[in-house]
Every structure is written in structure tokens, then in C-alpha cells.
Amino acid sequence: MTFINPSETTNIPTYRVMDSDGVLLDKNRKPSGVSNEEILTWYKNMLTVSVMDVIMFEAQRQGRLSFYMVSAGEEGISVGSAAALTPDDVVFAQYRETGVFQQRGFTLKDFMSQLFANCHDNGRGRNMPVHYGSNYPRMHTISSPLATQIPQASGAAYALKLESLQNPDTPPRIVACYFGEGAASEGDFHAGLNIAATRSCPVVFICRNNGYAISTPTLEQYRGDGIASRGVGYGIDTIRVDGNDIFAVYEAMREARRIALSDGGKPVLIEAMSYRVSHHSTSDDSFAYRARVEVEDWKRRDNPIIRLRKWLENEGLWDEDTERTTREQLRKEVLKEFGEAEREKKPPLREAFEGVYEELTEEAQEQMKELKRILETYPEEYDLRQFKDGINGL
Amino acid sequence: MASLRLPRLIRPSGRRLYSGAASPSSRLNLPIDYKTTPLLHHTSSTLSESLELPGSTTSKSMNLYQAINSALRTALAKSEKVMLFGEDVAFGGVFRCSMDLQTEFGSERVFNTPLTEQGIVGFAIGAAAQGMKPVAEIQFADYVFPAFDQIVNEAAKFRYREGATGVHAGGMVVRMPCGAVGHGALYHSQSPEALFAHVPGVQVVVPRSPSQAKGLLLASIFEHNNPVIFMEPKCLYRAAVEHVPNEYYTIPLSKAEILKPGNDVTLISYGQPLYLCSAAIAAAEKALGVSVELIDLRTIYPWDRQTVLDSVKKTGRAIVVHESMINYGVGAEVAATIQDQAFLRLEAPVKRVAGWSTHTGLQYEKFILPDVARIYDAIKQSIEY
């Protein structure tokens, strides 16, 4: 009789392409088979997210928007993985994947319209900041509850699979599903991966293991060999990658996509290791539970942006001047869209009631009428100026 | 990042642009002034009488999260059976309710759990069934739903199912911050008390203030052998400050409280909207010359029907106010009970002022949730019926 003692088994290795100095581990191999132009685009997309994060974090501190979440330290995972997707692929994200939206063509105006919940916001002013959503490329609107997107991703992937069986002309598509290592403790994680395995769904699960779920470190989140070891238990092809290495992330995702589309479809799990350099959100002060020096060390030691920048500089594709002018340009663009989005009207008041059902219920119509009566009876009590069409928006 | 300077384009503004600030001309929908509201004990003088404590009781001024912290500290010190756990509880919790408690009582009884609400509540039920008094924290009421199965099918039915074995899940308290703050949108605003009140077997409690919260929470832990859902209005965590007794004391569950006597209309509410009711009553009594009685239900289920019915039989008019959606809400149950048992004493239909039957869309919160103007209008309509 032999019990398997997990502490005696070998840990799953971490896939890396370049080291923290931006030097390729295998110097004979060009990374990933992508063009330098493409790699420069990744770099600029990571910078854009980073520049936007700094501005929006500060704007929240000034009271300009109610909430914000940065993704500092995790730009490589989101940009690198999204770079391996086609526009027809479908994304279910959590809330720290701004880089996925950026890489897939979400514009600064799209970001700002959502952040200020104005009348150009896809979410019609209904959602908290950073709950982005896009119809095409399809990125389902972020939902705050954790892990709920995981079984949904499996179902969506199954839909894609059936569709391609029923119509072989459809381009091959997968679902990419993002979540953190904290969310992987939810029951939905188990449900989602297990059902994807049993129904052979073409879905790639990307776990961003950034070390913290708000204040809870991974030591108190799980025992065992991270999230990756669980994929093996579900019978799912699994890899662990260095999330600060955008080449490794891209290559893993590109291969995962290929596997997901093989044999009629199957799920894949990627565990991308990183460190949450930022506070959890603008509502959090992480120095209440971790040492400032720990964060500073991480920032200095390793970071997906700096790592790729070093590689670009070694290749002669980037330098200090380009960095400065690019950052300044991005900053200007963000601030321009910021100003315009903030000045824009909010959606009409009827959006408070619409969208609950396909059509307004009789009850909702009566409530809108009653609200309108209140607004007309007590006009001095309500400021409707910022809403499109004022009281007639109801 | 705090030192970062933003250029003039987004220089700091004087007010929070995002929040639905009251119109400059508002007379009714003004921000609640928690420093002067009659609902809080601004001095210790009124405290011992209203809580039926000895005159020698000492107290300290504190806000709601500090009062919860004080209750938890009192409970952990009183009995080794009390445990406290949930997501991020160890460092003090995201709302600071469990501050310093792990340091004081050790990580055996005060600890972080993995991020799994169904796990947290199931764990609590198991511990309670084995005789402990687990206090489980769900980080936001909006996130309790993975635990709905554990609460509805397990905690609520445990005693009934066990029958003669006598085993039950009493002693378990599931705490959760609830309610809107003005910018929580779909998932940081909900008040799901009606969903739990539909389930016989759990007690549902919503405190209105720091001193109420401490007494009700200690009663939930020690004085009832039923599982309790304890919902804390999170916008009161810092805003509501009052004197709270230092000692152990309890406030009975399933007992409403008349906060202000009146003759013409009965206002029935609980939690944060009581402050809106109080402001609306002040305006209505001044402008309309009416006398309004205000009742805090405190326990949503099983609820104190007698206090409400006695009041409505006296006034002949009733208005139920709550933040969560009006459809199939607490107001529906209260109104139906009133019309069933006090029909001949009614001078006007029972009114409900509650959230509209929609979700809490970010930009629309102040139009969706009850406000002072809508409560004032309901009082006027009820009187003029």
C-alpha cells in the first residue's frame, strides 16, 4: 500500500523563454516566430495599460471616479495571451485583464466611456468602473462575483464546438477564460474545469497567480502545487508559465489554443505566475498586510514591461528617448479621452429600468411613471442635468 | 502614486463628480447628518435606559465597524466555543470588523479561509453541529449566493431533519455587509434579506446602529440556538457613531422597537433607511402637521408582528420602507399581514417605499433606492388618502 505524499512529488516546472534581464534562455531561437513590429505593439499595449493605470488610480484618489483597479505586474499575462487569440475567439475575463481588452482593440475612448459610465459606455452606465465589455471581438462584460465566468466559459466553448460541427465553414474558435488563484478556490472553478473536461470543450483557462487574493496570501489559499496541479487531476493538458515573460505567455497560449482545437476540442489550463505589485483596488491599502519592502523588491527585481524593454533595447529596437516620447504621447492620449469622457452626458434615466428583461414589464413601466411623477413633484430635490434628455430620458 | 501630479486637464475638483450629489436646492434629499440624527445615542445619558442596562454601565463612542469588533471581541473572550473566520479576516477584514482579533485570540479561532463562500458557510454549519459557535464572515452580501444551498437546504433544515437526534446548526452566525453606498452598482449594493426571510429555519437580523449591532450580534451568538443571518448596512460602518456599552449585553431577536411614538401614520423600516425615515418624518411633521410613529423591525424574520399591528391599529396608516427591491420584498409580507389583521382599522392602503424592481445600476442608484423625498411623499399621500 502506498499513499502519495504530495510533498515528495516533483513540482510542475515553470516555462520560460527569457530571463529577468531580457536575455533569451535559448539564444539560438528567435522568440515565438512573431515579427518585431508585433512585439513592439505588445510593448506599447503594456505601456498603455500601465500609463492609464497610473492616471486613473490618481483620478480615483481625487474623486473623479468611484473606483479603479490597476493590473501592474500582470500586463504581460493579459497582453501576451491575448496576442495569441484571433478576433473570433471569445473571452471571459475577471477584472484585472485590461491588457486583454487593449490587445484586442478596445480603444482609449471605450475604456474611458466605461470608467465614467457615460452615454457611450457599452454597459449603459450600469456597471462599476473596470467592468468592460465588447461585442466584437467578443469579451463578455466583467461581472464582479469571482469565478462565475469559469463554467460559463466551458458552456460557451461547447457552443462554439457544436457550431463548428454543425457548420464546418465556421473558423475554428476557442474560449479564453481568465481568473485569479483566489477565484480558483470557488466551487465554480471545479465545476467549470470538470465539465469542460467531460464535454471536451475548446477552452483555455488562464489562471493569473499573483500571490494575493486581497490580503490572503497563497499559503492560506491552497496547499499543493499551485493551481496547475489541479488541471492534471481533471485530465486537462496543463502548463505553468512565468507571467513576467511575455514570450513564454504568448507561446504557451498559442500552443494551448492549438491543443484546444485538436481532437474535436479539449480544455487546457495555464497557470501564469506573477506578483500583484498594486493594491487589490482603490478600496484597498495592501501595506496593512504586506511589507512595503516586499513590493518594492518585486518592482525592482522583475516586471513584465521592464523585461521586454530590456530585450527590445538589446535588439536595438528601443531606447531611452523612444521610451520617454512614447510614454508622453500615451499620457496625452489618455488625458484627452479622459477629459472628453468625463464631460460627456450620462445615459438617459430609462437605462435604470431597461435591460432587466428583453422588454419592460408592465410593473416597470408603472414604476417609471411613478418616478417621473416624483421628479416632477419635487424638482428641487433631483439634479438631472448630467443625464441625457433630463427628465424626458425616462 | 499618491504624489503623482495630474496636469490641469484633470486638476482636483471640489466635490466628488461621480457621486449623485444632492441638488443644490434640495430641502429633503440632503445627506444624512449622523451627528445630529435622533436615532443615535450621541451621549451616554440615554443609553442604559433604552437598552435596559444598569445605570452604572460605562460606554464608549464608536462607529458600527468598531461596535461589531467590540461584540466579536466580547464573544471570543466570553466563550472558547466562538470562532471567527472568512476571507481576509486575519488582517482585520476589508471593513476592519475583525481588527486585532487574531492577535488577541490566536489563529486557531480567528483565521482566513480560502475564497469560497459555500465552503465558509458549510464549514460553519459543520462546526455548529458539533457544538461550536462559529461566526462566519461573507465579504459582501452580494457574494453570499454560492452559499445559498448551504443556508437554505442545510442550515435552515438541520434541526427539522435531525428530529429526535436533537442536533442543529444553532450558534452559527453568518455576518455580511449589505446595502448601497452610492457607487456599488450591481455587486456591492444588494440587500438580500427577503430571500433569506423566505426560508423558515434561519433568523434574519439587520441592526441600525453601533449599540444595536453589538447587542443583537451577542444575542445571535449566545442567546439563540438558531442559525442567524446578520446583515450589516455597510454605509453605516464609519458614518454611524454613538455610545456603545463596554460590557456584555444583548438585545432580544424577533423584537421590534418603537423609535418614535406617533398617532397618524406608522413607518416600518430597518437598517439604514431608518435614517431617511427619520428625516422625512421631521419634514412631514413640520410641513403637514402630522404625527408619525417609527418602528425598527430589527429582526426581519421571524418578525415582531404584534408591535407592528398594535401600532397600525392605533394610527390606521402604514408605510413600509426598505432599500431592496419592492417586488416580493419584506414590505409585501408586512403589508399583507397588516391588511389581514388590521383591515377594519385602516384609513389608507398600506404603502411601500422601496427599491424599484431593477438592479442597482451605477449611475441610477439615487433614483432607484428610496430617498427622503419619496418617503415624505408617501406620508403625504397616506394622510391625504
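# Two chains, two interfaces and a few single residues

Ser254(B) has a relative accessibility of 24%, so it counts as partly exposed. This is a predicted model, and the values below are computed from it. Ser254(B) sits in the loop between β8 (241-245) and β9 (257-260) of chain B. Its phi is positive, about 55 degrees, although Ser254(B) is not a glycine. Most residues other than glycine have a negative phi.

Ser200(A) is not a glycine, yet its phi is positive, near 50 degrees. Ser200(A) lies in the loop between α6 (187-198) and β5 (203-209) of chain A. Ser200(A) counts as partly exposed because its relative accessibility is 26%.

## Domains of chain B

Chain B splits into domain 1 (42-243) and domain 2 (255-382). Their centres, taken over C-alpha atoms, are 25 Å apart. Where they meet, 28 residues of domain 1 are in contact with 24 residues of domain 2. About 1900 Å² is buried between the two domains, and carbon and sulfur atoms give 58% of that area. On the domain 1 side, Glu193(B), Val206(B) and Arg208(B) supply 28% of the area buried against domain 2, more than any other three residues.

The rule finds 2 salt bridges across this domain interface. Arg208(B) also forms a salt bridge with Asp296(B), with 2.8 Å between the closest N and O atoms. Polar contacts across the domain interface come to 15 residue pairs. Three elements of chain B each supply at least two residues to the domain 1 side: α7 (193-197), β6 (203-205) and α8 (210-222). That side divides into 17 nonpolar, 9 polar and 2 charged residues.

## Where chain B meets chain A

How many residues does the contact take from each chain? Chain B gives 61 residues and chain A gives 64. The two chains bury about 5300 Å² between them, with 59% of it on carbon and sulfur atoms.

There are 2 salt bridges between the chains. Arg373(A) forms a salt bridge with Asp377(B), and their closest N and O atoms are 2.5 Å apart. Polar contacts join 25 residue pairs between chain B and chain A. On the chain B side, the elements that give two or more residues are α4 (117-129), α13 (365-368) and α14 (372-384). Of these, α14(B) gives the most, with 6 residues. By class, the chain B side has 29 nonpolar, 21 polar and 11 charged residues.

Asp383(A) also has contacts in the other chain. Leaving aside its neighbours within four places in sequence, Asp383(A) is in contact with Ser23(B), Pro24(B) and Phe367(B). Asp383(A) lies in the segment after α13 (362-377) of chain A. The side chains of Asp383(A) and Arg385(A) are joined by a polar contact of 2.9 Å. Is Asp383(A) buried or exposed? Asp383(A) counts as buried because its relative accessibility is 17%, and the cut-off for buried is under 20%.

## Two residues and their surroundings

Tyr65(B) lies in helix α2 (residues 64-78) of chain B. At 11% relative accessibility, Tyr65(B) is buried. Beyond residues up to four places away in sequence, Tyr65(B) touches Phe95(B), Arg96(B), Cys97(B), Tyr237(B) and Arg238(B). Arg238(B) is 173 residues from Tyr65(B) along the chain, yet their C-alpha atoms are separated by 6.8 Å.

Leu261(A) is in the loop between α9 (246-260) and β9 (268-273) of chain A. With 29% relative accessibility, Leu261(A) counts as partly exposed. Neighbours within four places aside, Leu261(A) is in contact with Pro172(A), Arg173(A), Ile174(A) and Pro202(A). Leu261(A) and Ser283(A) are 22 residues apart along the chain, and their C-alpha atoms are 40 Å apart.

Most peptide bonds are trans.

| Cis bond | Omega |
|---|---|
| Tyr136(A) to Pro137(A) | about -10 degrees |
| Tyr301(B) to Pro302(B) | near -10 degrees |

Both prolines are in loops. Pro137(A) is between α4 (108-115) and β3 (139-140) of chain A. Pro302(B) is between β12 (299-301) and α11 (305-315) of chain B.

Technical notes: Residues are numbered from 1 along each chain as its sequence is written. Chains are lettered from A and ligands numbered from 1 in the order in which they are written. This is a predicted model: local features need pLDDT of at least 70, side-chain atom pairs count only at pLDDT 80 or more; totals for chains, interfaces and linings use all residues. Side-chain values use heavy atoms; hydrogens and water are left out. Domain bounds come from an automatic or database domain assignment. Contact means heavy atoms within 4.5 Å. Buried area is the accessible area (1.4 Å probe) that two parts lose on being put together, summed over both. A salt bridge is a side-chain nitrogen of Lys or Arg within 4 Å of a carboxyl oxygen of Asp or Glu. A polar contact is a pair of N or O atoms within 3.5 Å; within protein, one must be able to donate a hydrogen and the other to accept it, and residues adjacent in sequence count only if both atoms are side-chain atoms. Helices (H or I, at least four residues) and strands (E, at least two) are DSSP runs, numbered from the N terminus. Ala, Val, Leu, Ile, Met, Phe, Trp, Tyr, Cys and Pro count as nonpolar, Asp, Glu, Lys and Arg as charged, and the others, Gly among them, as polar. Buried means under 20% relative accessible area, exposed over 50%, partly exposed in between (1.4 Å probe, protein chains only).
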